[in-house]
There are 4 protein chains.
Amino acid sequence: MLESKTRLKVRFAETDAMGVVYHANYLEWCEMSRVDMMNSIGMPYSELIKMGYHLPVFEAHLNYKYPAKFDDDIEVTAKIAEMPSVKIRVDYEIRSGDRLLVSGYTMHAFVNLKGVPVKPPRNFLEKLSEKF
Amino acid sequence: MLESKTRLKVRFAETDAMGVVYHANYLEWCEMSRVDMMNSIGMPYSELIKMGYHLPVFEAHLNYKYPAKFDDDIEVTAKIAEMPSVKIRVDYEIRSGDRLLVSGYTMHAFVNLKGVPVKPPRNFLEKLSEKF
Amino acid sequence: MLESKTRLKVRFAETDAMGVVYHANYLEWCEMSRVDMMNSIGMPYSELIKMGYHLPVFEAHLNYKYPAKFDDDIEVTAKIAEMPSVKIRVDYEIRSGDRLLVSGYTMHAFVNLKGVPVKPPRNFLEKLSEKF
Amino acid sequence: MLESKTRLKVRFAETDAMGVVYHANYLEWCEMSRVDMMNSIGMPYSELIKMGYHLPVFEAHLNYKYPAKFDDDIEVTAKIAEMPSVKIRVDYEIRSGDRLLVSGYTMHAFVNLKGVPVKPPRNFLEKLSEKF
């Protein structure tokens with residue numbers, strides 16, 4: 001299992017006229033956490049791009065339980081629970097203190113820089129397999 | 001069934017460094033389409049707020065098939081397929097010409113302006129029931 | 001003089017917890033208006049990119065008088081008042097009905113796709129000079 | 001003089017199809033830095049809101065020198081150079097390493113929660129005056 005935690009503070013820009021974080025913005029936080037998780041196995045996303053890969057989202061799902069507010073301290077946990085083959089599932093939990101605010105997952109597949117689906121880079125799978 | 005269509009042009013601001021629309025932004029387009037759908041039954045969202053209601057998202061799901069690009073002409077279809085009780089499901093299809101780019105749904109429930117869940121306003125249900 | 005008008009409706013996503021449009025978002029509307037203005041002289045921005053150019057902002061200035069709110073009908077006027085040489089100045093007025101909400105300007109210069117400053121494409125200057 | 005520094009890492013969501021940070025997003029970073037600066041004098045923005053104040057932007061100016069890219073480490077310096085009376089000017093410098101990317105300023109005035117201009121809260125001026 002691969003797991004990684006990311007901390008952030010809610011920006012005023014991320015709120016909406018309901019006074020809470022706009023629902024689409026949680027996907028940005030999931031991405032930040034995913035980026036940190038890739039860094040944690042020595043496979044930074046900026047490196048992937050240089051190697052000629054992107055790792056786009058082809059499915060996203062979020063369950064909203066409590067809203068985050070401006071200036072809240074947030075912790076995002078990203079987790080890959082199963083060794084992936086072609087499709088990569090990442091699960092998320094977004095918390096403020098002990099309270100679970102949002103949970104969800106995204107599904108990913110590697111593409112080349114023209115957007116054509118390709119096999120995951122070998123060293124990505126090697127580095128990942130050390131965790132399973 | 002209640003269905004409504006919304007047209008928009010992709011803004012440069014909505015793209016990311018992959019050269020396509022950033023995945024979270026499709027949720028904004030779903031919302032625009034939802035707002036238009038509410039207008040189409042004479043229940044504008046700004047009116048709901050004046051009546052003391054918000055209609056937040058408690059679940060969101062998107063499947064990404066093809067990416068939208070800067071300056072593309074986009075059509076978003078929002079649909080309520082079943083007469084809702086407390087939970088309201090809205091389905092979406094986002095197209096560029098004939099091509100389906102993204103599909104998905106959001107789940108909603110009415111809350112008061114303090115965020116406490118409440119029953120849907122009666123005239124919302126009345127106006128909606130005319131469509132089913 | 002080259003002038004162009006763009007209409008839009010304020011998205012809920014564009015508001016913040018003050019209940020009004022977040023101040024950075026007006027720059028997006030200026031850009032939409034700039035894109036429409038380029039289209040109006042047969043020089044679409046997507047075409048510029050294909051020709052190997054970008055037209056980034058190197059200076060931006062906004063004066064905020066009244067805030068826009070969710071669902072407001074907005075009109076953005078973009079104007080090039082003087083025939084440009086290397087630097088291109090675009091002025092903006094953002095209105096809701098008769099009320100001027102925001103005014104400002106952006107300064108631009110052509111760069112190639114690697115970000116290196118270059119002379120404006122000749123057909124851009126030709127098409128623009130017909131307006132002056 | 002009041003000065004404060006904020007560090008952040010560029011999010012992929014903040015980039016656009018030019019491969020660099022979208023120009024409007026630097027205003028978000030200025031705001032983050034402004035929020036940190038207010039915290040540094042014991043006058044958190046969330047506290048201001050509870051006291052019945054907002055501190056909106058009525059003017060913004062940015063000069064763009066070099067673009068920030070995904071994953072860059074950014075430092076934003078916010079500075080109040082002169083003791084303000086009614087209008088508050090904040091200056092910014094946004095750097096990546098030694099390189100100055102963007103500089104600019106924003107102008108602010110206190111309003112109540114209905115948006116009506118009011119005098120700055122006395123304890124804000126007291127805390128600020130300790131720095132001048």
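Five bridges connect strand E4 (residues 73-80) of chain B with strand E5 (residues 88-96) of chain B, and the two strands run antiparallel. Helices (H or I, at least four residues) and strands (E, at least two) are DSSP runs, numbered from the N terminus, and two strands pair if DSSP finds at least two bridges between them. This is a predicted model, in which local features need pLDDT of at least 70 and side-chain atom pairs count only at pLDDT 80 or more, while totals for chains, interfaces and linings use all residues. Residues are numbered from 1 along each chain as its sequence is written, chains are lettered from A in the order in which they are written, and side-chain values use heavy atoms, with hydrogens and water left out.

**The sheet**

- B:Thr77 lies opposite B:Glu93 in E5(B).
- An open sheet of 10 strands has the order E1(A)-E4(A)-E5(A)-E6(A)-E3(A)-E3(B)-E6(B)-E5(B)-E4(B)-E1(B), with antiparallel pairing.
- Its edge strands are E1 (2-9) of chain A and E1 (2-9) of chain B, each of which pairs on one side only.
- E3(A) pairs with strand E3 (residues 57-64) of chain B in the antiparallel sense over five bridges, and A:Glu59 stands opposite B:Asn63 in E3(B).

**Chain A with chain B**

- In this interface, 21 residues of chain A are in contact (heavy atoms within 4.5 Å) with 21 residues of chain B.
- The two chains bury about 1,800 Å² between them, 59% of it on carbon and sulfur atoms; buried area is the accessible area (1.4 Å probe) that two parts lose on being put together, summed over both.
- The rule finds zero salt bridges here; a salt bridge is a side-chain nitrogen of Lys or Arg within 4 Å of a carboxyl oxygen of Asp or Glu.
- E3(A) gives the most to the side of chain A that touches chain B, with eight residues.

**Chain D with chain A**

- The contact takes 14 residues from each of chain D and chain A.
- Chain D and chain A bury about 1,500 Å² between them, 58% of it on carbon and sulfur atoms.
- D:Arg11, D:Phe12 and D:Phe70 supply 40% of the area that chain D buries against chain A, more than any other three residues.
- Four salt bridges are found across this interface; D:Arg11 forms a salt bridge with A:Glu28, with the closest N and O atoms 3.0 Å apart.
- H1(D) provides the largest share of the side of chain D that touches chain A, five residues.
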